[in-house]
Amino acid sequence: MKKLLLLPVLAGIISFQACKQQQLTILPGAVVSKDGTDDGLKNVKSEFDDATRTDEGIKFSLSSDVLFPTNSSYLTDKAKTELTKLIKILNQQRDKKIRVDGHTDATGEKDYNIWLSEKRAASVKKFLEDGGVAGARISTKGHGPSKPIADNKTADGRQKNRRVEIIILN
């Protein structure tokens with residue numbers, strides 16, 4: 001009778017151990033699951049497809065064409081939907097700080113583009129704060145046209161350069 005009771009207990013322990021996710025620590029603070037995916041990155045990637053791990057943290061971009069009307073720092077409804085996803089992530093990870101970097105294409109005056117990129121980054125910060133993310137966790141920077149990721153000579157390239165990058169800092 002004791003053997004019959006021991007068998008289900010043993011089977012339960014074995015199945016519990018088999019179901020636990022195994023983790024390996026590669027870098028201090030970076031937890032990677034057995035399949036090699038960065039758990040923090042995986043959580044962000046589920047909401048933002050272009051999320052990548054950098055030396056600074058987890059970085060992803062939002063197109064300024066989606067976030068703002070032309071020559072404006074007012075958030076569109078689509079922007080608010082995208083940023084609400086970020087609020088959810090940040091409210092689950094209250095120890096994380098972020099940086100919001102605004103970028104523009106190279107058309108127009110440089111000073112205006114820097115000003116516009118700063119205003120756009122500030123608009124994103126304000127929306128995140130309104131969603132419950134502490135302002136002390138968010139820094140902003142307007143880069144204007146100084147950090148292009150594509151050729152400013154083409155319409156497609158200029159569109160790619162108009163973006164807001166968000167880095168969830170390590």
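Analyst: Contact, or touching, means heavy atoms within 4.5 Å. This is a predicted model, where local features need pLDDT of at least 70 and side-chain atom pairs count only at pLDDT 80 or more, while totals for chains, interfaces and linings use all residues. Residues are numbered from 1 along each chain as its sequence is written, and side-chain values use heavy atoms, with hydrogens and water left out.

User: What does L83 touch, not counting residues up to four places away in sequence?
Analyst: With those left out, L83 touches L62, L75, V124, F127, L128 and I166.

User: Which residues touch the most other members of the largest nonpolar core?
Analyst: L83, L86, V124, L128 and I166 do, in a core of 26 residues. A nonpolar core here is a set of buried Ala, Val, Leu, Ile, Met, Phe, Trp, Tyr and Cys residues joined through side-chain atoms within 4.5 Å. Buried means under 20% relative accessible area, exposed over 50%, and partly exposed in between (1.4 Å probe, protein chains only).

User: Where does the largest share of this core come from?
Analyst: From α4, with six residues. At least two residues each are supplied by β4, α4 (77-92), β5 (98-103), α5 and β7 (163-169). Helices (H or I, at least four residues) and strands (E, at least two) are DSSP runs, numbered from the N terminus.

User: At what angle do α4 and α5 pack?
Analyst: At about 55°, and the axes are 10 Å apart. That makes α4 oblique to α5. Axes are lines fitted to C-alpha atoms, for helices over the stretch in contact, with angles from 0 to 180 degrees between N-to-C directions. Under 35 degrees counts as roughly parallel, over 145 as roughly antiparallel, 65 to 115 as roughly perpendicular, and the rest as oblique.

User: Which residues make the contact between them?
Analyst: K80, L83, T84, L86 and I87 on the α4 side, and V124, F127 and L128 on the α5 side.

User: Switching to rings. How many aromatic pairs are there?
Analyst: The structure holds two. Rings of Phe, Tyr and Trp (its six-membered ring) pair if their centres lie within 6.5 Å; planes under 30 degrees apart count as stacked, over 60 as edge-to-face and the rest as tilted. In F48 and F60 the ring centres are 4.2 Å apart and the planes are at 15°, so this pair is stacked. F48 lies in the loop between α2 (39-45) and β3 (52-53), F60 in strand β4 (residues 57-63), twelve residues apart.

User: Are F48 and F60 buried or exposed?
Analyst: Both F48 and F60 are buried.

User: And what about Y112 and W115?
Analyst: Y112 and W115 form a tilted pair, 5.7 Å centre to centre with 35° between the planes. They sit three residues apart in helix α5 (residues 110-130), about one helical turn. Y112 is partly exposed at 32% relative accessibility, and W115 is partly exposed at 44%.

User: Where is R94?
Analyst: R94 is in the loop between α4 and β5. With a relative accessible area of 56%, R94 is exposed. Not counting residues up to four places away in sequence, R94 touches G132 and R137. The C-alpha atoms of R94 and V133 are separated by 8.1 Å, though these residues are 39 residues apart along the chain.

User: Last one: how many helices and strands does the chain have?
Analyst: Six helices and seven strands, in the order α-β-β-α-β-β-α-α-β-α-β-α-β along the sequence. Of the chain's 170 residues, 34% count as buried.
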